[in-house]
Amino acid sequence: MGLPRFKRPVGTSEPSSNLYVANCGPAVGLTLDTIEAVFGAYGQVKGVHLADESGTRVIVSYHEEKSAESALTELNRRECPELGGRSLHIQYSVPSICQVAVDDSIEVSMEASELDIPGLYLIHDFISVKEEEELLAAVDSRPWQKLAKRRVQHYGYEFHYNTRNVKTNQYLGELPSFLSPIIDKMSKFQKLGYTETVLLDQLTVNEYPPGVGLSPHIDTHSAFEGLIFSLSLAGPCIMEFRKYSTSVWPTDPNALSDEEAQNSDKSSKFLRRAIYLPPRSILLLSREARYAWHHYIPHHKIDVVNDTKIRRASRRVSFTLRKVRKGPCKCEFPEYCDSQK
Ligand SMILES: O=C(O)CCC(=O)C(=O)O
Ligand SMILES: [Fe+2]
């Protein structure tokens, strides 16, 4: 989590280029990328980061103060359709004078079974070095789509980052034949005791440069079925998981007094786990791991894996394989489910 650079404003605060935005964040189903896209309509955004560990308050930093002013005027306390109809509580933020180091060290497991997250599986060396080279060559010979910090390719169905969903009536065609070696090996999951099979029809390829990660999210329940596979290629990373207790999700943080809000910051609780994903390994998110835990990749150039510093490679490429859902999600985790809200 590092050092919190901005604090919650108390009372009225001077205009600045940084906004403190409450009722908004990964714990209420809004990724930092989505928030950045919405605030980007009012000026160039320098960055969006979590204001604290609640997952429901973020800092949006603009290059210019006038952008922050427009966003505050237009978005404060109004239902925002692009953010699931939420009404945001926005104030100017102030740099934190007294910075307190937040300890974000966490034990990193090598095996999924050590994380105690039901439905999470990791298979090391799922593909060979030769197969890895062939998969990388295949995607490198196809066009990449540039996002702000990473490059992506979509097959089967395009994934739309603004809605975090796919359009089921826009089928791009069958998954490419270079995936056959992976699909042929899916039976390996049965050896782990996993019997469910699924006809995967969507692939997202992500290419992360060093220092670039992915903000916390749960893949939209209504977009994809219950099995999500992620194959790591070219370089390692750490993936972290958080399960927010729904009982601490805020009703209206601005309805709290400053003292109550400070205390709720301190008592905000989530479970946190971390796993090391080496190249050529494949991760399966299913059941609780898929439906109730946020997953993310910290924006680190160097990962500390149990006292050893591991530098991210010149890139990590991941293949995320999913099946597009055609009806509403009926999972057993309604509190995290957009189909059941
Ligand atoms: O890069 C990865 O392994 C994960 C990607 C991911 O979580 C996603 O595309 O939703
Ligand atoms: Fe994901």
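A residue counts as buried here when its relative accessible area is under 20%. Keep that cut-off in mind on this tour. The model is predicted.

**Stop 1: helix 3**

Select residues 129-140. This is helix 3, with 12 residues. From its first C-alpha to its last it reaches 16 Å, close to the 16 Å expected at 1.5 Å a residue. Now colour Glu131, Glu132, Leu135, Leu136, Ala138 and Val139, which are buried. Look down the axis of helix 3: its buried residues fall within an arc of 160 degrees, so they line one face of the helix.

What covers the buried residues of helix 3? Show strand 11 (151-155), helix 4 (180-184), strand 14 (202-208), strand 16 (228-233) and strand 23 (316-322), which are included in that cover.

Zoom in on glutamate 132, still in helix 3. Its relative accessible area is 7%, so glutamate 132 is buried. Leaving aside residues up to four places away in sequence, glutamate 132 touches Ile127, Leu233, Ala234, Pro279 and Arg280.

**Stop 2**

Move on to strand 11, part of the cover over helix 3. Four of the five residues of strand 11 are buried, so the strand is largely enclosed by the rest of the structure.

The link between them is a hairpin of four residues. Pick out glutamine 145: valine 152 in strand 11 stands opposite.

**Stop 3: the iron ion**

Select ligand 2, the iron ion. Which protein atoms are its donors? They are His217 (NE2), Asp219 (OD) and His295 (NE2), lying 2.1 to 2.2 Å from the ion. Along the sequence, the donor residues are spaced H-x1-D-x75-H. Histidine 217 sits in strand 15 (residues 214-217) and histidine 295 in strand 20 (residues 294-297). These two histidines are 78 residues apart, so the pair links distant parts of the chain. Are histidine 217 and histidine 295 buried or exposed? Both are buried.

**Stop 4**

Go to the four strands that form an open sheet, in the order 3-4-2-7. The pairing is antiparallel. Strand 3 (45-50) and strand 7 (89-92) stand at the edges. Each has a single partner strand, so one side of each is left without a neighbour in the sheet. The twist averages 20 degrees from one strand to the next.

Follow strand 3 to strand 4 (residues 57-62): they pair over five bridges. One spot to check is glycine 47, whose bridge partner in strand 4 is serine 61.

**Stop 5: helices on the sheet**

Show helix 1, residues 32-39, which packs on the sheet. Helix 1 touches strand 2 (18-22), strand 3, strand 4 and strand 7. Its direction makes about 140 degrees with that of strand 3. Now colour Leu32, Thr34, Ile35, Val38 and Phe39, the buried residues in helix 1. Down the helix axis they fall within an arc of 160 degrees, so they line one face of helix 1.

Finish with helix 2, residues 65-75. Helix 2 lies across strand 2, strand 4 and strand 7, and runs at about 150 degrees to strand 7.

Conventions: Residues are numbered from 1 along each chain as its sequence is written. Chains are lettered from A and ligands numbered from 1 in the order in which they are written. This is a predicted model: local features need pLDDT of at least 70, side-chain atom pairs count only at pLDDT 80 or more; totals for chains, interfaces and linings use all residues. Side-chain values use heavy atoms; hydrogens and water are left out. Two strands pair if DSSP finds at least two bridges between them. Axes are lines fitted to C-alpha atoms, for helices over the stretch in contact, and angles run from 0 to 180 degrees between N-to-C directions. Contact means heavy atoms within 4.5 Å. The expected span of a helix is 1.5 Å times one less than its number of residues. Buried means under 20% relative accessible area, exposed over 50%, partly exposed in between (1.4 Å probe, protein chains only). The arc is that of the directions from the helix axis to the C-beta atoms. Donors are N, O and S atoms within 2.8 Å of the metal (3.2 Å for Na, K and Ca); water is not among the atoms, so sites may look incomplete.
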